[in-house]
Amino acid sequence: MARTLAEKVWEAHVVRQGTGDEPDLLYIDLHLVHEVTSPQAFEGLRLAGRPVRRPDLTIATEDHNVPTVDIDKPIADLVSRTQVDTLRRNCAEFGVRLHPMGDAEQGIVHVVGPQLGLTQPGMTVVCGDSHTSTHGAFGALAFGIGTSEVEHVMATQTLPLRPFKTMAITVDGELRPGVTAKDVILAVIAQIGTGGGQGYVLEYRGSAIRALSMEARMTVCNMSIEAGARAGMIEPDEVTFAYLEGRPHAPRGENWDAAVQYWRTLATDEGAEFDREIHINADDLTPFVTWGTNPGQGLPLHASIPDPEQIADEGERLAAEKALSYMDLAPGTPLRQISVDTVFLGSCTNGRIEDLRAAAEVLKGRKVAGGVRMLVVPGSMRVRAQAEAEGLHEVFLDAGAEWRQAGCSMCLGMNPDQLTPGERSASTSNRNFEGRQGKGGRTHLVSPLVAAATAVRGTLASPADLD
Ligand SMILES: CC(C)[C@H](C(=O)O)[C@@H](O)C(=O)O
Ligand code: SF4
């Protein structure tokens, strides 16, 4: 029977098939760990007297709680310091490889896995983190898990899972210049809603998806969770293989050839059926930004703040009213007139080298507007080093932006990088929830290009709006 990519990866990992209402037991190829969701899991192992079953398939990094300045000094915030120290102790005790603050391979867990070549097509990848969906860009079945599941994977390298439904999101056509992967995924979420993906694994397909780089594909898959999906996937192709070849953990020599041969078999079969199909025309897309307090409340940058009274669905209307009140925005205001205090370029959505290059291209020879602060936070130390080798940091610094160390930073403000109450940001991250970037902070989700142009103009803008 014709099968989808997701079904093939699932079937290849079933250790024990569930009967009746039982879940299947799946083998897990790669377990990524960070400081926030691992302490209780390690503690559980300790209490049960169990080891980590496959430390060789487990890797940890410090990302959420790390400061992005003065990283050679002890972490000032006690909660963050405890969190990070606990991870260090646990990794040492259980023999798990850890990339601590300051290490050349430290960074956001979803940036580190792919850049090391740990994330590969056809794998099952889990992490106690919702944005694990990022790794699906390689044709891996990758999803976030809870802390008790983290413990289960640590102890057994397996996970009981219930089957999912499949949804094809086909993006055909060609993206116009200035329109990015971030705009694609924001438009997808605006269309299907933050609950539209619930229970589904999304497969992004079509000519516009095939034309994306690996990093752009990661941006798309990263935000699958914001549509409520279990995971997002893209079938592996030449772009995937070219990205992986030569990376530290990618197979080599004959193993590489065999791996590529297998990876080619993973593509969704002709005639395979999806439970739901969505079509989007890439030619119609323009830069997209959010105006509300969930990632589905987005519109093209050239639009205006919607009038809740015009929204037929009562739930959506109430949500829009509440969002506009929190965001302090009036219906009818052109999005381009919204001024921001802060621009954040970073996160596991848009903190990779291509994102930094795109923003630097816009900022080159320009200045961040007076009264606006711009934080540039590379997704990993490797991204940071690469950016410095290319001189991008000088472009950011010359423009008046801050050039930081790697971590999650203002994506969620678990470190000192936060918005103050009432402050408004244009942010390349993935969540615009109330208080996400700091208590009372207001977030507009944008692409790196829009972030850079907004920094220059001080109001939401795309590079086409400059000079
Ligand atoms: C802290 C962590 C559990 C959380 C997640 O699961 O996604 C964080 O990474 C986020 O982006 O909100
Ligand atoms: S960068 Fe943001 S979304 Fe990604 S893992 Fe960190 S906190 Fe979560």
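**Close-up 1. Arg436 reaches ligand 1 with a polar side-chain atom.** In this predicted model, that atom of Arg436 sits 2.7 Å from an oxygen atom of ligand 1. Now for the cover: on its own, ligand 1 has 310 Å² of accessible area, and the protein covers 80% of that.

**Close-up 2. Arg431 and His131 also put side-chain N or O atoms by ligand 1 oxygens.** For Arg431, the distance from an N or O atom of its side chain to an oxygen atom of the ligand comes out at 2.9 Å.

**Close-up 3. Five strands line up in an open, parallel sheet.** Reading across, the order goes E17-E16-E15-E18-E19. Strands E17 (402–403) and E19 (442–445) take the edges; each has a single partner strand, so one side of each has no neighbour in the sheet.

**Close-up 4. Zooming in on the pairing of E15 with E16.** Strand E15 covers residues 342–345 and strand E16 covers residues 373–376. The two run parallel and are joined by 4 bridges. To get your bearings, find Thr342: standing opposite is Arg373 in E16.

Key. Residues are numbered from 1 along each chain as its sequence is written. Chains are lettered from A and ligands numbered from 1 in the order in which they are written. This is a predicted model: local features need pLDDT of at least 70, side-chain atom pairs count only at pLDDT 80 or more; totals for chains, interfaces and linings use all residues. Side-chain values use heavy atoms; hydrogens and water are left out. A polar contact is a pair of N or O atoms within 3.5 Å; within protein, one must be able to donate a hydrogen and the other to accept it, and residues adjacent in sequence count only if both atoms are side-chain atoms. Accessible areas come from the Shrake-Rupley method with a 1.4 Å probe; for residues, only the protein chains shown count as cover. Two strands pair if DSSP finds at least two bridges between them.
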